[in-house]
Amino acid sequence: MKPSVVNAPEAVVVGPSLRKKELIDAVVQRTGLKKRDVRPVVESMLGVVGEALAEGRELVAQPLGKLKVHKKKTTSSKRILFAKVHQNLPPDPSSASTDDTPKE
């Protein structure tokens, strides 16, 4: 068996949390809709996602990615879900083909 080099996992620097208020404000800014129209939709969506994850369902929603609970832990006061998110990487512009002919 030939030895191979294994890349060590990259350290992840955690930034500040995205609060629900900030999420609602960002959706308002991106969509141009009124906050009073956006808030119930975002809150409902978060509720549906939370319930689905608690049931052990996998969420597949691009561009967020695929979110899957891989471990659960229950304490006396809360349920802790350990999840993984798999996201597609954006295409590398340097590898884009300049040839417009269809490939067969």
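## Order of the elements

From the N terminus, the elements of this predicted model run α-α-β-β-β, a total of two helices and three strands. Helices (H or I, at least four residues) and strands (E, at least two) are DSSP runs, numbered from the N terminus.

Residue numbers start from 1 along each chain as its sequence is written. Local features of the predicted model need pLDDT of at least 70, side-chain atom pairs count only at pLDDT 80 or more, and totals for chains, interfaces and linings use all residues.

## Overall form

The protein is more spread out than a compact globule, because its radius of gyration (taken over C-alpha atoms) is 20 Å, well over the 13 Å that the globule rule (2.2 Å times the number of residues to the power 0.38) gives for 104 residues. Along the principal axes, the C-alpha atoms fill a box of roughly 50 × 45 × 30 Å.

Of the 104 residues, 8% count as buried, meaning under 20% relative accessible area with a 1.4 Å probe, protein chains only. Take the contacts (heavy atoms within 4.5 Å) between residues at least 6 apart in sequence: 9% of these join residues at least 24 apart.

## The largest pocket

A pocket is an open set of points on a 1 Å grid where a 1.4 Å probe fits, with protein on both sides within 12 Å along at least five of seven lines; lining residues have an atom within 4 Å of a point. The largest pocket has a volume of about 210 Å³, the space filled by probe spheres set on the points.

α2 (35–54) and β1 (59–61) each supply at least two lining residues. The largest share, four residues, comes from α2. Among the lining residues are Met-45, Val-49, Leu-59 and Gln-62.

Notes:
Heavy atoms only, no water. Buried < 20%, exposed > 50% of the residue type's maximum accessible area, 1.4 Å probe, protein only.
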